[in-house]
Amino acid sequence: MPKPPPRVPHVESSFVLRAELLTLVPHSMSTIDRLEAEGQSPKRIRLEPTSRVAWLRREVTGYLRHLAKRRQSAAKEDHDADDQELVTRLKQSGPPPEDQPANPDHQFAPASATSGRNPDVKR
């Protein structure tokens, strides 16, 4: 079998091996296997004549871009939902206290007026 050419420093291979894939993609190997079987992630390639497998680097970077876009759109939807929830709560809570008329019948007397006792109770 011919000897492979020496690796050139600072030149990326067009293949991503398993160890590097696990550092790039935020999934475990079992999740990668499941997503690959469902057709939701890049497919592995067998490196002949060995039993090693690799993924195409351009497909992996495309998948990572897809994850980033999905995350951004989910964050935007969460932000929009939070804004809508705040608007709904504000509408349900009624006018703020400064916009409500003062009602002296429901105000508490100062503590010194009753000396902390209930005026209706005779002692």
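Modeller: What follows goes from the core to the strands and then to the cavity. The model is predicted. The largest nonpolar core has eleven residues: Val16, Leu21, Val25, Met29, Ile32, Leu35, Val53, Trp55, Val60, Tyr63 and Leu67. As a general matter, nonpolar side chains in soluble globular proteins tend to be buried together.

Strand E3 has pairing partners as well. Strand E1, residues 15-17, runs antiparallel to E3 and is joined to it by three bridges; in this pairing Phe15 stands opposite Leu56. Strand E2, residues 45-46, is also antiparallel to E3, with two bridges between them, and Ile45 has Ala54 as its bridge partner. A hairpin of six residues leads from E2 to E3. Val53, one of the core residues, touches Leu17, Arg18, Arg44, Ile45, Arg46 and Leu47, leaving aside residues up to four places away in sequence.

Now the cavity. Searching the whole structure turns up one cavity of 30 Å³ or more, and the largest cavity holds about 70 Å³ of space. Its lining consists of Leu21, Val25, His27, Ile32, Ser41, Pro42, Trp55, Val60 and Tyr63. Seven of these lining residues are nonpolar, two are polar and none is charged.

Technical notes: Residues numbered from 1 in each chain as written. Predicted model: local features only at pLDDT ≥ 70, side-chain atom pairs only at ≥ 80, totals over all residues. Heavy atoms only, no water. Core = buried A, V, L, I, M, F, W, Y, C linked by side-chain atoms within 4.5 Å. Buried < 20%, exposed > 50% of the residue type's maximum accessible area, 1.4 Å probe, protein only. Contact = heavy atoms within 4.5 Å. 1 Å grid on protein atoms, 1.4 Å probe; cavity = no way out; pocket = protein on both sides within 12 Å on 5 of 7 lines; lining within 4 Å. Points joined across faces, edges and corners; volume = space filled by probe spheres on them. Nonpolar A, V, L, I, M, F, W, Y, C, P; charged D, E, K, R; others polar. Pairing = 2+ DSSP bridges. Helix = DSSP H or I, 4+ residues; strand = E, 2+ residues; numbered from the N terminus.
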